[in-house]
Amino acid sequence: METRIELEELIRLLDAKQYTNLRQFLAELNEADIAVLMEELEAEAMLKVFRILPKDLAADVFSYLETDSQEFIINSLSDREAGSVIDNLMADDAADFLEEMPANVVERLLANANPDTRRAVNQLLRYPEDSAGSIMTVEYVSLKENLTVDQAIERIRAIGLDSETSNICYVLDTRRELVGTVALRYLLLSQGNEVIADIMHENVIAVNTLMDQEQVAAQFKKYDFMAMPVVDNENRMVGIITVDDIVDIMEEETTEDMEKMAAIVPSDKPYMRTTVGETFKKRIPWLLLLMVSATFTGAIIASFEDALSVCAVLVAFIPMLMDTGGNAGGQVSVTVIRGLSLGEITYRDVPRVIWKEIRVALLCGGTLAAANFAKLMLFDRVGMMVALTVCLTLVAAVLMAMLVGCLLPIGAKKIGFDPAVMASPFITTIVDALSLLVYFRFAAMLLGI
């Protein structure tokens with residue numbers, strides 16, 4: 001409701017051409033809120049509002065806009081204006097933006113950016129995608145270990161505004177190796193003539209530039225940090241990663257895992273900005289693969305066609321057996337994939353995982369079989385042997401589903417695949433085929449067909 005009122009006020013001031021009042025109105029809002037309001041405007045109105053914003057505020061708002069809006073604004077600005085926007089962005093935000101832009105736009109922007117910005121962005125762009133180096137920022141407060149507290153505070157005053165955060169300062173030696181950290185509050189509470197080396201915290205936890213961003217997120221979760229230093233292979237500090245970047249990474253990784261678990265090729269575009277053609281291309285490969293793999297299920301049913309003609313009632317229970325097995329496998333796979341992602345499950349835990357899932361499967365399968373047996377005898381009025389065939393298959397299907405659901409994701413990770421790929425749809429197809437094979441074997445043994 002509040003956003004709607006603010007949007008109406010923005011449009012009113014814009015239509016009345018009260019640009020001074022509009023500038024003052026926007027200056028009182030948060031940068032992220034301004035970006036939300038701008039996304040609701042027509043393209044030309046959005047550009048007009050962006051030009052009205054003060055330079056520093058405009059850069060902050062720009063980092064919150066959708067990629068399509070960013071590209072439109074940059075292409076609408078002069079070379080000097082576009083270069084100024086990039087100069088006022090944090091280096092990591094600038095690098096993230098440029099990674100999404102066409103090569104000709106990147107070349108134009110870097111050509112008009114100042115040398116320091118160009119150097120910082122190029123440094124970030126050279127690291128592998130989704131690595132710590134690609135998401136870090138190079139704007140941080142570094143201190144030499146031989147500085148006094150007074151000298152350190154003077155340095156923070158000089159460069160603090162251009163840094164991502166100044167709450168934690170990083171202490172470097174003469175070779176730029178990271179040797180310690182010191183919190184700003186300790187500097188303020190220490191005597192002015194004390195030396196940084198004497199008050200710094202030496203047990204520093206850092207991440208390597210090549211560490212995967214998921215592992216970086218796990219480090220933040222483990223240590224509950226707001227920022228973490230990034231070092232190269234020689235322990236030289238090259239940047240920091242802040243918690244706001246980690247929040248974005250966690251959202252991105254969670255979305256990617258959900259899409260993979262639903263058998264969709266991951267997309268980095270919001271749903272409403274993805275065209276029908278793009279959505280089709282993301283979904284059809286897995287649908288084709290799963291359709292082909294599902295033909296095995298049809299082949300199994302066809303091979304037992306004669307048996308089914310003798311005892312046609314067996315056909316009625318095939319959907320229930322397949323769905324129950326698929327659901328059981330899906331439950332296990334989601335639990336195991338989450339455990340793998342959070343580091344709760346490792347390869348040495350496989351025997352314990354299997355033993356646990358066997359016991360859970362027997363309990364779940366036994367409960368389902370008992371409930372189903374009562375239903376078959378009381379309501380469906382089938383023969384004792386038919387009910388026994390269905391219930392034994394149900395226990396076996398749940399057991400196989402849970403074993404497949406835990407082993408496939410672990411095996412996928414072991415050989416270098418994303419465990420999320422081995423989620424519900426793929427597991428369901430395998431379990432369906434196994435359940436049918438077991439079903440017809442029990443039918444042959446117990447019913448003699």
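## Around helix α5

Several elements cover the buried residues of helix α5, including α2 (19–27), α3 (31–39), α4 (43–52), α6 (67–76), α7 (79–88) and α8 (91–100). Helix α5 spans residues 55–62, and its buried residues are Leu57, Ala58, Ala59, Val61 and Phe62. Buried means under 20% relative accessible area, exposed means over 50%, and partly exposed lies in between (1.4 Å probe, protein chains only). Helices here are DSSP runs of H or I with at least four residues; strands are runs of E with at least two; both are numbered from the N terminus.

This is a predicted model: local features need pLDDT of at least 70, side-chain atom pairs count only at pLDDT 80 or more, and totals for chains, interfaces and linings use all residues. Residues are numbered from 1 along each chain as its sequence is written, and side-chain values use heavy atoms, with hydrogens and water left out.

Contact means heavy atoms within 4.5 Å. A second, separate core has 22 residues, including Cys311, Leu314, Met322 and Leu436.

The largest nonpolar core has 60 residues. Phe62 is among the residues with the most contacts inside that core, and so are Leu26 and Ile241. A nonpolar core is a set of buried Ala, Val, Leu, Ile, Met, Phe, Trp, Tyr and Cys residues joined through side-chain atoms within 4.5 Å.

## A three-stranded sheet

An open sheet runs in the order β4-β5-β6, with mixed pairing. Strands β4 (207–208) and β6 (237–242) stand at the edges; each has a single partner strand, so one side of each is left without a neighbour in the sheet. Two strands pair if DSSP finds at least two bridges between them.

Strand β5 (residues 227–231) pairs with β6 in the antiparallel sense, over five bridges. Ala227 stands opposite Thr242 in β6. Helix α15 (residues 213–223) packs on the sheet and touches β4, β5 and β6. The direction of α15 makes about 135 degrees with that of β5. Axes are lines fitted to C-alpha atoms, for helices over the stretch in contact, and angles run from 0 to 180 degrees between N-to-C directions.

## Rings and charges

Rings of Phe, Tyr and Trp (its six-membered ring) pair if their centres lie within 6.5 Å; planes under 30 degrees apart count as stacked, over 60 as edge-to-face and the rest as tilted. The count comes to four aromatic pairs. In one of them, the rings of Tyr223 and Phe225 have centres 5.6 Å apart and planes at 20 degrees, so the pair is stacked. Tyr223 is partly exposed at 31% relative accessible area, and Phe225 is partly exposed at 27%.

Charged ends also sit over rings. Arg185 does this with Tyr186, 5.0 Å from the ring centre, and Lys414 with Tyr347, 4.5 Å from the ring centre. The rule asks for NZ of Lys or CZ of Arg within 6 Å of the ring centre and within 35 degrees of the ring normal.

## Positive phi in two loops

Most residues other than glycine have a negative phi. Lys17 is not a glycine, yet its phi is positive, about 60 degrees. Lys17 sits in the loop between α1 (2–15) and α2. Lys17 counts as exposed because its relative accessibility is 59%.

Arg176 has a positive phi of about 65 degrees and is not a glycine either. Its loop joins β2 (168–172) and β3 (178–183). Arg176 is partly exposed, at 39% relative accessibility.
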